[in-house]
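Subject: Structure handover

Hello,

The structure we discussed is below, followed by notes on what was found in it. Please read the notes with the structure open.

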Amino acid sequence: MSNEQRMNRLLLTGAAGGLGKVLRERLAPMARTLRVSDIADMQPAQGHEELVVCDLADKAAVDRLVEGCDAIVHLGGISVERPFEQILEANIKGIFHLYEGARRHGVKRVVFASSNHVIGFYKQTERIDDSAKRRPDGYYGLSKSFGEDVAQFYFDRWGIETVSIRIGSSFPEPVNRRMMSTWLSYRDLTTLVEKSLFTPHVGHTVVYGASANRDVWWDNSGAAHLGFVPQDTSEVFRDKVEAQPPVAPTDPNAIYQGGAFTAQGPF
Ligand code: NAI
Ligand code: 15L
C-alpha cells in the first residue's frame, strides 16, 4: 500500500484480544499512525503506533481516544455471553460512546465487529442474507444488534459510514462441526476489514464474515460492493473435525446457527 493510499490515523479497539493481536500487526501498513487501545495490558507500542489504555464504558476517556482518528476498527468489548450488567457497560454504553466521539471529532468510517449471534436463533438448515430479521441469541447478541442500530442511526443522522461485519468464528482453525460453516480465517478477516475501510460509499453495510466454507449459511450478495472474495475454506480441516465424536441432534450446537450461545444463562 503506497503512502498516498494510507490513512493518517487509524484506531483499533480491543487490541489486546485474540483478533486485536492479529489485526494490530496486519493493519499497520494501512495507516501512517495506528492507535491501539484496550482496557487490558497490551504489548508496548512499536513503530508508528500510539498506545492508549481506555475503558469503553468511560465516555470522556473514549472521547479523547477517538479524537484525531480518520477511521476506527472496533473490536473492543465482551466477546462472549455474560450477565447483562457487564454487557451493558462494555458493549452497549461502549458503542454509544464510540459513535458520539466519532460524531464530535469528525471520524468518517467505522468497521464494527458485529457477530453471528445477532442472528443466532436461525436454524442451521436455513440460508439467510443481510435482510433477514435479526434473532439475537443472548445479551451478547442483543448488544451487537444494538450496535448495528447505532451504526445505522449515525449514518442516517450524521453520515458516518460503517461496515458491520457479522463475524462467524475467527480462530486459527475450526474446532468443531458448527465452525465448519462459520469459520473465518485470519487472512479472510484481514481482507474483509481492509475492504470495509477503503471501499467508497458503504453507507451502513452489513456483511457476514465467513470463509469460502462448503456449507456456509450466509448470503453476502447484499454486500457485493465490498468486493470481498474469501480465499480460505474450512474444508481442509474436515477430517480432523469429523474425527471428533458426533454431536447429538438435540444439542443446540447441531440445531442453531448461534450454537451453544442459544442455551446460556440465566446468570
Ligand atoms: P477478545 O475477547 O479476545 O477481545 C476483546 C477485547 O476487548 C479484549 O482484549 C478485552 O480486554 C477488550 N475489552 C473488554 N471490555 C472492554 C472495555 N470495557 N473497554 C475496553 N476494552 C474492553 O475477542 P476477539 O475474539 O478478539 O473478538 C474481537 C471482536 O470481534 C469482539 O467484539 C467480538 O465480539 C467480535 N467477534 C469475534 C468473533 C470471533 O470468532 N473471534 C466472532 C464474532 C464477533
Ligand atoms: C462470537 O461472537 C464470539 O466472540 C467468539 O468467541 C465465538 O464464540 C464466535 O462468536 C462463534 O460463534 O463461534
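Helices (H or I, at least four residues) and strands (E, at least two) are DSSP runs, numbered from the N terminus. This is a predicted model, in which local features need pLDDT of at least 70, side-chain atom pairs count only at pLDDT 80 or more, and totals for chains, interfaces and linings use all residues. Residues are numbered from 1 along each chain as its sequence is written, chains are lettered from A and ligands numbered from 1 in the order in which they are written, and side-chain values use heavy atoms, with hydrogens and water left out.

Strand β2 covers residues 31-38 and contains Ser37. Ser37 is buried, because its relative accessibility is 2% (buried means under 20% relative accessible area, exposed over 50%, partly exposed in between, with a 1.4 Å probe and protein chains only).

Ligand 1

The shell around ligand 1 holds 26 residues, of which Leu19, Asp38, Ser79, Tyr140 and Ser170 come nearest (a residue is near a molecule or strand if one of its heavy atoms lies within 4 Å of it). By class, the shell has twelve nonpolar, eleven polar and three charged residues. In this division Ala, Val, Leu, Ile, Met, Phe, Trp, Tyr, Cys and Pro count as nonpolar, Asp, Glu, Lys and Arg as charged, and the others, Gly among them, as polar.

Three elements, α1 (18-27), β5 (109-115) and α4 (139-158), each supply at least two residues of this shell. The most come from β5, which gives three.

Polar contacts are pairs of N or O atoms within 3.5 Å; within protein, one must be able to donate a hydrogen and the other to accept it, and residues adjacent in sequence count only if both atoms are side-chain atoms. An oxygen atom of ligand 1 lies 2.8 Å from a backbone N or O atom of Leu19. The side chain of Asp55 has an N or O atom 2.9 Å from a nitrogen atom of ligand 1, and the side chain of Ser79 has one 2.7 Å from an oxygen atom of the ligand. On its own, ligand 1 has 820 Å² of accessible area, and the protein covers 85% of this (areas come from the Shrake-Rupley method with a 1.4 Å probe; for residues, only the protein chains shown count as cover).

Ligand 1 sits in the largest pocket. Pockets and cavities are found on a 1 Å grid over the protein atoms alone: a cavity is a set of points where a 1.4 Å probe fits but cannot get out, and a pocket is an open set with protein on both sides within 12 Å along at least five of seven lines; lining residues have an atom within 4 Å of a point. A molecule sits in one of these if more than half of its atoms lie within 2 Å of its grid points.

Ligand 2

Ligand 2 also sits in the largest pocket. The residues around it are Ser79, Ser115, Asn116, His117, Tyr140, Gly168, Ser169, Phe171, Arg178 and Phe261, which divide into three nonpolar, six polar and one charged.

Oxygen atoms of ligand 2 lie 2.8 Å from a polar side-chain atom of Ser115, 2.7 Å from one of Tyr140 and 2.7 Å from a side-chain N or O atom of Arg178. Taken alone, ligand 2 exposes 310 Å², and the protein buries 82% of that.

Ser169 lies in the loop between β7 (161-167) and α5 (179-182). With a relative accessibility of 3%, Ser169 is buried, and its side chain makes a polar contact of 2.7 Å with that of Thr182.

Other residues

Asn91, in helix α3 (residues 84-105), is buried at 7% relative accessibility. Its side chain reaches the backbone nitrogen of Ile78 at 2.8 Å.

Ser143 belongs to helix α4 and is buried, with 2% relative accessibility. The C-alpha atoms of Ser143 and Glu126 are 23 Å apart, with the residues 17 apart along the chain.

Two backbone features remain. His201 is not a glycine, yet has a positive phi of about 55°. It is found in the loop between α6 (186-198) and β8 (204-209), and at 73% relative accessibility it counts as exposed. The peptide bond from Gly265 to Pro266 is cis, with omega near 0°; Pro266 is placed in the segment after α8 (252-255).

Regards
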